Every structure is written in C-alpha cells, then in structure tokens.
Amino acid sequence: MIDKAMQNNGNNSSNGEHALLEVRGLKTHFFTRSGVVKAVDGVNLRVKRGQVVCIVGESGCGKSMTALSILQLVDKPGRIVEGEIYLEGEELTSKNRREMSQLRGSRISMIFQEPRSSLNPVFKVGKQLLEVLSIHKHAIAKTEREQQVVDLLRAVGIPDPKKRASNYPHEMSGGMAQRVMIAMGIACAPDLLIADEPTTALDVTIQAQVLDLMRKLRDELNIGIIFITHDMGVVAEMADIVAVMYAGTVVEEAPTESLFEEPLHPYTQGLIASIPIMGEFKDRLDVIPGTVPSLIDMPPGCRFASRCRARIEHNLEKCLDEEPELMEVRSGHSVRCWLYEEQDT
Amino acid sequence: MTGYILRRLILAIPVIIGILFFTFALTRLLPSDPCRQQLQEHATEAVCREFNRRHGLDQPIPEQFRRYLGDIARGDFGDSFEYGYSVSRLMVERFPRTLELTVYAMLFAIIVGVPLGIISAYYHHSAIDVGTMVGANLGVSMPVFWLGLMLAYVFGVLLKDTIFWLPPGGSGVDTRPFYEVWGLSVEASETSIWTFIAHMDTLNPLLGGNLAGFWDNFRHMILPMAALGTIPLSIIARMSRSSLLEVLGQNYVRTARAKGVRERGVVFKHAFRNAMLPVVTIIGLSFGSLLSGAVLTETVFGLSGVGDALFSAITGRDYTVVQAFTIVIAIIFVFVNLVVDILYVFLDPRIRLE
C-alpha cells in the first residue's frame, strides 16, 4: 500500500515534487556456496533534495549493501536481482557499466567508513581529488581544476589547503582524511551524497565537526544525503527521515521526531531503549534478546518475530507465518508490524 | 637517502667477507685436490709438489687465506689453474654472456609474468585464471635442464625447416667489437671495460649497427632465455595475481570506482602500483636464482658463460675461479636487492629510509 503511494509520487511530477532518489523493491543477493544470502531483500527508499535520510540498523542488516547497490558497486558474488532505482526519474539498474561510471562521482557520490584506507596510499590526496574533476569535468582547464582542488579542501575546513594537497593519506589524521573524502564527494556538485558510517572511525569531537560540515553542505548545495549509521545519537542529530533496517528490509520509516517520540516497531523500540542515558544508573544495559536470523535461511513470517517481546505480550500468532507489509500508520510514519494492522484499516 | 645507501653498502662488507670465508673453506673441504683433478693421470708426487708450490697450495690453510684476502684487497683474483691466465680475464670473457642471458630471462619473466598475473586476478576463478595458474604451477616445478632439453628438441629438431626453428645451442656469430666500428682508438686490454662490453653477444652488434649479427645472436638467446626465465615467470605470475586480488578488495579501490574511474583505470592506475610492491621484492630475489640457474642452462645450450666456467671449475677444483665467481655473483645479488629497496621508496610513499 505504501508502495503504491510511493509509485504515485515517484513517477508523477504533477505535484511539483520529483523525488531525487527513489528505490523500489530492491533486492541484492549474494550467491555463495553455502546458499543465497539475501543481504538486501525488498528495500524501498525515497530521498528528496535538501533532505538527510538516515538508514539505521545493526551490523549486517544490509544498510551498506543498499548504498552500494544504488551505485551498483556490489562485488561478486552479489548482484541486484530485483528492483528499480530512479535518480530524478531516470532508471539506473538498466544502465550499462560505462553510463554508471559517468554517473558515479558526478551525480551520486559516496564516502566511506574508514577514511584513511579509502584513500589510495600511493597518491597524494590532491591528485586523488583532482582525479574526480579530471574524469567528470575535463572541459575545464587543468590549472583551473587544480585551483578547484585547493578551494574544495578549503571548503571542507582543511587548514593550509595548498600544502595539504601534496600530503599522502598516511600523513593525515582520520578526521582530515575524511574531510578529503567529503571534498571528493562534493567535488562535482552531486545531486546525492551517500555517506556510509562516515564518522564511525573518528573520535567524538571530530565526529561533531564532520557532521556539522555535512549539514552545512546540504544546506548550501541543496543536495540529498543518505546517511548510514548504527548510532542513534547521530541519527537524532542528522536525520530528517529515518529508515530502520532489520535483516535486509526496512521495518520502520518515519520523520526523526516522530520516530524518537513514538517508535512503533518493537525493534526500533529496543534500539532506542538500548541507548545508555548519561546520569542514569543501570546494572545492565538494555539489550534486544536473541540474534538476527540467518540471511540464507530466513524463516517465514516477520523477520523479527523470534526476538519480539510484543509478539508474546500481544499473543500474536500471525507473526510466525506471514510477513507484514510496510504500512503507513500515521502521516509519513510507516512500519512493518502486525501490531498495527487494525489501525491501518 | 645517500646516508642510507652508504650504510647499506658498508653493511654489505661483512656479508662479502663472510662469503669469502665460506667459499674459501668449502672449496678446500671438497675431496681430491686441484693437482689431481687438473692433471688426472699425469699427477705424480713430484709434479703435484711443484704444482702446489707454484700456486701456493703448500702453505698452511690460514696462511693461504691471509694471502688470498691480501690479493683480493689489491683487486687481484689470482690465476686460474685450468686456463693458466688471470681470473679477471676469464670473467671479462664469460661474464657478459651470462649477464645478457640473465637480463633477457628476467625481462621475459616480467613482461610475460606480470600481465598473466593481472589477467588471472581480473578474471579470477574463470577458465583463463585456472589455466594460467595450472601453467604457472607446471612452470615452477619443471627442472631447468629438462625444460631446456625439451625446448631444444621441439624448436631445434621438431620444427626444423619451419619458420619457428630456433638454434638449439651455441652462441651465434662473432661480431666486430663496437669500438672498432666506431673507429675509436681505445686501449682494449683483455680486462678492460671495452672488451667486457664487446663480449656481449647482442649489445655489441647493436652498438656496432650490425642488425643481422644482432638478430642471429639474439635468436641463440631465445631458447636459453625461455628455459631460464620460466621459473621466475611462474613465481611472478602467481605473486602478481594474489597481490592484485588482495588490492582489488581494498577500500581505496572501491573509492576509485565510486569516483567514476573506469575499470581499466581502477586496475592499471589505482590497483597496479600497490599490487606491484611485493612483486618487486620477488623480482629482486629471483635474480639470485637466475644467476645460479644460468649454470644449468648454459651447460644445456652450450653457451660458454659464467655458469659453464663455474661448472668446470668446480669439477676441476679450480679454487680461484670458484671463489672469484661466487663472490661476484654474491655482490651482484646484494646490489640488486639494494636497488630493490631503493625502488620501494619511489613506489610506496609510506616507506622512508632512515
């Protein structure tokens, strides 16, 4: 049902609002010897210009794979088996390799978790930054491109950018390297920036600076940002819209305030409850019991059923047999849970 | 940098002295003695006493070593028992050919091995990859002399009277020394650098502008080069493959793709240089095995180079030749590995020589 609503928004620009990115029914599977790993199994996502959409979830829930699928950078033995990806109405999964590489770095760019290992150790950072411009903006004169490199480094808050451009990645701190990555990400003024846990490897003060920088860039350039994280604190700070992922699917999607005020899905409730609060004493931190089911051999029914307290409390039978759809419970707030079935109808 | 090179060179001195000592000791530990090996049935008691006296072999061994070190320090490697002239002259006669053979074999191994490794890594788990790796395993397990004989048989005998025929042995025509062609009036003594270069079978005609001579001599090098280069080729191919595979899985390769770099650029620009680091080390190390492999190859193909001379020197207990050639090979090995270490600085900015 939400899918239907999305479909209308996706292709229909009559309401004047064309989604910047629209992902529909995305499935990315890995064909391994021990079976098909359904890393991404039916993800819908929508990003508008000037919006930060956070994808949140624990390790292995498919958030990074969703991001890599959008850029079609999924390594073998994985591939996109189903679904459509639209960038301003343009379908991406049917594009060939050449067309995709023209798109990467110019219209969609991505920054990664480990900034220092994400930069090539044998080239100077300025050269690596220059490369993006050389690929996508070869019409501009070389001297001007070199000037742009310095400007970009300055824009992301690197002091003494001219000198820093001739540094090698190992001569930079993690925070500086991540700024270089961000500079690389915005070099060609992309429409969409995907940030895959960009601050996880950084300490908190640097993290705050990097988050600030990204928000500033979003406001100045009016770009859409997909921000992937497992840190609910970062989510609260960054997101306009939050998509909570669990075992390859989105289980809840809502505007940030709505999600934190009233999380609907038992998994989201568990996630928020597990954030330690400063000054509050607990013998044990709240945890969600159990483990994520195997992505190879997914049980029928709700993926969270085996760990769900609400299912037992409400004595729901259906959960173990039938998988719920993502349903819009309140305006803009949808959830994939049988608990809310009646409210929906 | 200069300080580092200087230190490395100084550190090489004890290594060289160690090698001097060991080759000296080992040659003397061999059963039989030079006189009997050289003169065979003519070696009577009296003749041998005279032979030993003439070559200083009647002295106590520590005294022999002391004299030997003294000679080496003056740049005198002594005279060969077998040839009757100085080892230096023998070296100038023989070394150029081995050097050329080794360099050709090395180039062959690199030029074929690295691309094979890249192709296997890029299409890993495909038929091309499996085929290449099976080939590499075969190549690395084939004894040099057997491969040499097989190559000589196939190209020299089976393919006779076809355009694929290659000379199965020998070293081609003698060409006029290049300095004569150039009209230089140089003092080309038997141990001069001019003679050394003129003894290079393919470089000399090339310098002298004699293309037909070059081609004939080069053709004589092809089979020995292939026989000698196959083992390092296989090692380099396997190393390039595994190294490139590892690099292709690195984060910065993903970044390159995310930047919009095309596949070719990803492999040849971003991955290649990183992947070549361990391969360069292997290349340096295989230089040593090439020099020793040259002994067998030269014997099989009847090339009179260092290997050939060293072989007959060992069987003939020609102490001075064995010692001198071992030292020179060791020095070359030490030097090549120093060059590799210096090359690393240019390939990998993370490495600083302190």
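Helix α4 of chain B (residues 61-73) has 13 residues, which at 1.5 Å a residue should span 18 Å, and its end C-alpha atoms are 18 Å apart, in agreement with that expectation. The expected span is taken as 1.5 Å times one less than the number of residues; helices (H or I, at least four residues) and strands (E, at least two) are DSSP runs, numbered from the N terminus. After α4(B) comes G75(B), with a positive phi near 80°. The model is predicted, so that local features need pLDDT of at least 70 and side-chain atom pairs count only at pLDDT 80 or more, while totals for chains, interfaces and linings use all residues. Residues are numbered from 1 along each chain as its sequence is written, and chains are lettered from A and ligands numbered from 1 in the order in which they are written.

Chain B is divided into domain 1 (18-73) and domain 2 (98-166 + 226-347), with bounds from an automatic or database domain assignment. Taken over C-alpha atoms, the centres of the two domains of chain B are separated by 37 Å. Their contact takes 11 residues from domain 1 of chain B and 9 residues from domain 2 of chain B, two residues being in contact if their C-beta atoms, placed from the backbone, lie within 7 Å. On the side of domain 1 that touches domain 2, α1 (2-29) and α2 (34-39) of chain B each supply at least two residues, and α1(B) gives the most, with 5 residues. This side of domain 1 consists of 5 nonpolar, 5 polar and 1 charged residues. In this classification Ala, Val, Leu, Ile, Met, Phe, Trp, Tyr, Cys and Pro count as nonpolar, Asp, Glu, Lys and Arg as charged, and the others, Gly among them, as polar.

Two helix pairs of chain B were examined. The axes of α13(B) and α15(B) (residues 319-347) come within 9 Å and cross at roughly 175°; axes are lines fitted to C-alpha atoms, for helices over the stretch in contact, and angles run from 0 to 180 degrees between N-to-C directions. The two helices, α13(B) and α15(B), are therefore roughly antiparallel (angles under 35 degrees count as roughly parallel, over 145 as roughly antiparallel, 65 to 115 as roughly perpendicular and the rest as oblique). Among the residues in this contact are M276(B), V280(B) and F287(B) of α13(B) and I332(B), V336(B) and Y344(B) of α15(B). By class, the contact has 13 nonpolar, 4 polar and 1 charged residues.

For α5 (residues 87-122) and α6 (residues 127-141) of chain B, the axes come within 8 Å and cross at roughly 140°, which makes α5(B) oblique to α6(B). L116(B), I119(B) and S120(B) of α5(B) meet I128(B), D129(B), T132(B) and M133(B) of α6(B). These residues divide into 4 nonpolar, 2 polar and 1 charged.

The contact between the chains takes 17 residues from chain B and 24 residues from chain A. On the chain B side, α12 (251-259) and α13 (263-301) each supply at least two residues, and the largest share, 7 residues, comes from α12(B). The chain B side has 4 nonpolar, 6 polar and 7 charged residues.

Two backbone features concern loops of chain A. Most residues other than glycine have a negative phi, and most peptide bonds are trans. K76(A) and P77(A) are joined by a cis peptide bond, with omega about 5°; P77(A) lies in the loop between α2 (63-70) and β4 (78-87) of chain A. A189(A), a residue other than glycine, has a positive phi near 45°, and lies in the loop between α7 (174-186) and β7 (192-196) of chain A.
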